[in-house]
Amino acid sequence: MDVRLSPEQEALRASAAQVVARFGPKAVGQLDDPERRARLDAAVDESGWRELRGDTGAGVPLASGVEPALVAEELGRGLADVSFLGPTLAAELRRIAGAPPARSGETVGLDTDLGLLVHEGEPGSSPMVAIDTLGCDSAVYLVADADADADADADANANADADADPDADGYRLARVELGPTRSGLDLTRPSVILRSLSPPALVEGSQRLVTADDITRWTALGLALASADLSGVMGGAVALACEYAKERKQYGAAIGSFQAVQHMLADAFALTEGARSITLHAAWAVDALPAPDALAAAAAAKAYSARAARTVCETVIQVHGGIGNTWECLAHVFLRRALFSGDICGDASVNLGRLLRHHGIGAGNGFR
């Protein structure tokens, strides 16, 4: 198998890097610049990157998992304060459910463990965390087919599910309006928390139920994209530290000339390259391997990347010394983004458990 990126993938990566270099934040203060952020959002919107996993019309995505992963990596590298991961995963859910594209900004709703929200209880019993909500006024999630009200089903899907098996097990796609966007741990991607959900509002035009196998593959994509974001964050953080090490002087010499600092940065770079390699494999596996194997590949990537990202970002803060602990230094913004991405679709321990279960060690299986 040829593991090199194709010319088209290289061009996509370069394009994403150029957009972030031009419109991304260069300092913490620029995170409060709405005009710059609007230009960045417009550039991402015009690029069509959020629709890379949209439906071609034949039920297959426009692009493989590699292309959105490349974009996610560059957005993470430049701390791009624009929605991408959430809308991309929402578009994937719509494609799987055979639903039409969203008419306005839409993200995905997760449970309190930051896994896909699959509502199976009474209305109001499931809190939701909608991630990556900049420019998004709604979120999609899943409800068990048995929970969907028959009248609401008939109204929302009058012409849908004509070929669906009424006795099939599965989930329906639901949508909820979001309130005001709130910031959180990640200064570049705010979230909205809904502490309770009203009765499900099913997405109009959905053509099929979402199966457990579909959720497994969706989770694999979510893990691959979160890992790609982590790879980019690590790369951006290491670049920040390297530039600082070239400029900061102690005892008449740049601190980058000191062997101890060089070793720290070399170790951080090695972790970054390892994360990028295993993440690209996971992104390829999303569509190329059976769903359980794709999930295992993505779980391995996330377990590695989540731990590596924290180590790398803490190393970068240490290289900066005292200034690395101040609000004005971008190092903490990288760490905040890494900590949040590290929990999306499960942290390192959750994904190590998935990997062990895949290999027959431990109890349980599936997308949980």
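These legends go with a handful of close-ups of a predicted model.

**View 1. Strand 5 and its two partners.** Here we're looking at strand 5, residues 171-177, which is mostly covered, with 5 of its 7 residues buried. Strand 4 (residues 138-144) pairs with strand 5 in the antiparallel sense, and 7 bridges hold that pairing. Strand 7, residues 201-202, also runs antiparallel to strand 5, joined to it by 2 bridges. If you're tracing side chains along a strand, keep in mind that in a regular strand they alternate between the two faces of the sheet.

**View 2. Zooming in on alanine 174.** Which residue is the bridge partner of tyrosine 141 in strand 5? That's alanine 174. Alanine 174 also stands opposite leucine 202, which belongs to strand 7.

**View 3. The largest nonpolar core.** Nonpolar side chains tend to be buried together in soluble globular proteins. In this model, the largest nonpolar core takes in 62 residues, and Trp49, Ile131, Leu142 and Trp218 have the most contacts inside it. Helix 6 (residues 212-247) gives this core its largest share, 9 residues. Apart from that core lies another one, with 32 residues, including Leu230, Met234, Tyr244 and Ala338.

**View 4. Who touches isoleucine 131?** Leave out residues up to four places away in sequence, and isoleucine 131 touches Leu85, Thr107, Val108, Leu110 and Leu114, among others. Its contacts also include Pro190, Ser191, Phe340 and Ile344. Isoleucine 131 is one of the residues with the most contacts inside the largest nonpolar core.

**View 5. The largest pocket.** This pocket has a volume of about 460 Å³. It is lined by 24 residues, and the closest to its centre are Arg50, Glu51, Ala91, Ala102 and Ser104. Two elements give two or more residues to the lining: helix 2 (34-47) and helix 4 (85-97). Helix 4 supplies the largest share, 5 residues. What classes of residue make up the lining of the largest pocket? There are 10 nonpolar, 5 polar and 9 charged residues.

**View 6. Serine 341 in helix 9.** You'll find serine 341 in helix 9, which covers residues 331-341. Is serine 341 buried or exposed? Serine 341 counts as buried because its relative accessibility is 0%, and the cut-off for buried is under 20%. Setting aside residues up to four places away in sequence, serine 341 touches Arg189, Ala226, Asp229, Leu230 and Lys302.

Terms used:
Residues are numbered from 1 along each chain as its sequence is written. This is a predicted model: local features need pLDDT of at least 70, side-chain atom pairs count only at pLDDT 80 or more; totals for chains, interfaces and linings use all residues. Side-chain values use heavy atoms; hydrogens and water are left out. Buried means under 20% relative accessible area, exposed over 50%, partly exposed in between (1.4 Å probe, protein chains only). Helices (H or I, at least four residues) and strands (E, at least two) are DSSP runs, numbered from the N terminus. Two strands pair if DSSP finds at least two bridges between them. A nonpolar core is a set of buried Ala, Val, Leu, Ile, Met, Phe, Trp, Tyr and Cys residues joined through side-chain atoms within 4.5 Å. Contact means heavy atoms within 4.5 Å. On a 1 Å grid over the protein atoms alone, a cavity is a set of points where a 1.4 Å probe fits but cannot get out, and a pocket is an open set with protein on both sides within 12 Å along at least five of seven lines; lining residues have an atom within 4 Å of a point. Grid points are joined across faces, edges and corners, and a volume is the space filled by probe spheres set on the points. Ala, Val, Leu, Ile, Met, Phe, Trp, Tyr, Cys and Pro count as nonpolar, Asp, Glu, Lys and Arg as charged, and the others, Gly among them, as polar.
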